[in-house]
Amino acid sequence: MTEAPVVERPNRRPRPEIDPDPRPNAEKWLIGVFTGVPILALAAAIPLAWGRFLGWTDVLITAVFYLISAGGITVGYHRYFTHGSFKANRPLKIFLAVAGGMAMQGPLITWVADHRRHHKHSDKEMDPHSPWRFGDDWKALAKGLVWAHYGWLFNGDRTSKERFAKDLLNDRDLVRLHRWFPGLVALSFLLPAVLGGLLTMSWAGALTALFWAGLVRISLVHHVTWSINSICHTFGTEHFESRDKSRNVWWLAIPSLGESWHNLHHCDPTSARHGVLKGQVDISARIIWMFEKAGWARDVRWPTQERIDSKRAKQPQ
Ligand SMILES: [Zn+2]
Ligand SMILES: [Zn+2]
């Protein structure tokens, strides 16, 4: 006798911000392989002892490629291409696109479109990766954390590049580098291997560098970037007024090169510096500062004290 309620299917509504062409299953499989293989590789490596399969050369090459690829994401994909927090000359623009591609987080314009959608709808329904997607009780949040960290990569909805990244689509250099993403991934593995081989003059050196500075490094960069989407939208301190759940997380500041000062970032997205308070280390801001000093970056949007003060969260009385 009771009528079944009419269930609104949200995905039947017209969604102009979503590319009408859904992500194919083959691409989802590829994402699974891209992200799963490096972490499995790391787990397999744990029993291997220092000196046998890991030496100082590997540590050095891993550190260098971590800095290049993670910096390519934080300074390049994020602060420059997504938010325009400074202007770069053409060689620097190309270098940043190449370095970001080497982090294996998807082609440039896809990354930028997703991230701009994240800012427009942060922690709301259309946010591609909000940990609050399923609700705010502990079960929903646990599920949401997995979603924000990793699960969202497998979502069929692709952000419309036309709508969110028209400026990049109009840049021929960037469209080309976007298309060359598979080549940049290959480079990200080949370069460490070649360097490892040359520095040790051995095949074994090439192989261990490929493993540590290739696979293991990629996995570390992945999880640190994903932690910004999961941990920095759930835990941490709200130093600034923002309309979402973004937070500052101090213990991720060094590995994330300053990106974990995420509460300030949502409050002032175009700022070239995210760690603006005393003691908030922001390596990406320091890198941008060096590019500015070298004359490769200009019009850097450094935050003024006045601006920072105006955005501080009101302290409870
Ligand atoms: Zn965010
Ligand atoms: Zn951002």
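1. Along the chain, the donors of the zinc ion (ligand 2) follow the spacing H-x4-H-x31-H-x3-H-x145-H. In this predicted model, the protein donors are His78 (NE2), His83 (NE2), His115 (NE2), His119 (NE2) and His265 (NE2), which lie 2.0 to 2.1 Å from the zinc ion (ligand 2).

2. Histidine 83 has a relative accessibility of 12% and so counts as buried. Histidine 119, at 11% relative accessibility, likewise counts as buried.

3. The zinc ion (ligand 1) is coordinated by His118 (NE2), His233 (NE2), His262 (NE2) and His266 (NE2), at 2.0 to 2.1 Å. The sequence spacing of the donor residues of the zinc ion (ligand 1) is H-x114-H-x28-H-x3-H. A distance of 6.0 Å separates the zinc ion (ligand 1) from the zinc ion (ligand 2).

4. What is the arrangement of the 4 donor atoms around the zinc ion (ligand 1)? The angles that these donor atoms subtend run from 96 to 157 degrees, and the arrangement is therefore irregular. For four donors to count as tetrahedral, all angles would have to lie between 85 and 135 degrees. As a point of reference, the ideal angle for four tetrahedral donors at a metal is 109.5 degrees.

5. Histidine 262 and histidine 266 are both part of helix α11 (residues 262–267), where they stand 4 residues apart, about one turn of the helix. Both histidine 262 and histidine 266 are buried.

6. Arginine 116 is another residue of helix α4. Its relative accessible area is 17%, so arginine 116 is buried. The side chain of arginine 116 reaches the backbone oxygen of threonine 82 at 3.0 Å.

7. Most residues other than glycine have a negative phi. Aspartate 123, although not a glycine, has a positive phi of about 60 degrees. Aspartate 123 is found in the loop between α4 and α5 (138–149), and with a relative accessible area of 16% it is buried. Methionine 201, also a residue other than glycine, has a positive phi near 50 degrees. Methionine 201 is found in the loop between α9 (181–200) and α10 (203–230). Is methionine 201 buried or exposed? Methionine 201 is exposed, with a relative accessible area of 69%.

8. The largest pocket holds about 780 Å³ of space. Its lining comprises 37 residues, and those closest to the centre of the pocket are Gln105, Gly106, Trp111, Trp152 and Leu153. At least two residues of this lining come from each of α1 (25–45), α2, α4, α9 and α10. Which helix gives the most to the lining of the largest pocket? That helix is α10, with 7 residues. By class, the lining of the largest pocket divides into 18 nonpolar, 13 polar and 6 charged residues.

9. The second largest pocket has a volume of about 460 Å³. It is lined by 21 residues, and Arg15, Glu125, Met126, Arg133 and Asp157 are those nearest its centre. The lining of the second largest pocket has 8 nonpolar, 3 polar and 10 charged residues.

10. The structure also holds 2 cavities of 30 Å³ or more. The largest cavity has a volume of about 50 Å³, and its lining consists of Arg23, Asp114, Arg117, Pro128, Trp152, Asn155 and Asp157. By class, 2 nonpolar, 1 polar and 4 charged residues make up the lining of the largest cavity.

11. The second largest cavity contains about 40 Å³ of space. Arg23, Thr110, Asp114, Arg158, Thr159 and Lys161 form the lining of the second largest cavity. This lining has no nonpolar residues, 2 polar residues and 4 charged residues.

Definitions and conventions: Residues numbered from 1 in each chain as written. Chains lettered and ligands numbered in written order. Predicted model: local features only at pLDDT ≥ 70, side-chain atom pairs only at ≥ 80, totals over all residues. Heavy atoms only, no water. Donors = N, O, S within 2.8 Å, 3.2 Å for Na, K, Ca; no water. Buried < 20%, exposed > 50% of the residue type's maximum accessible area, 1.4 Å probe, protein only. 1 Å grid on protein atoms, 1.4 Å probe; cavity = no way out; pocket = protein on both sides within 12 Å on 5 of 7 lines; lining within 4 Å. Points joined across faces, edges and corners; volume = space filled by probe spheres on them. Nonpolar A, V, L, I, M, F, W, Y, C, P; charged D, E, K, R; others polar. Tetrahedral: all angles 85-135°; square planar, octahedral: opposite > 155°, others 65-115°. Polar contact = N/O pair within 3.5 Å; in protein donor to acceptor, adjacent residues only side chain to side chain.
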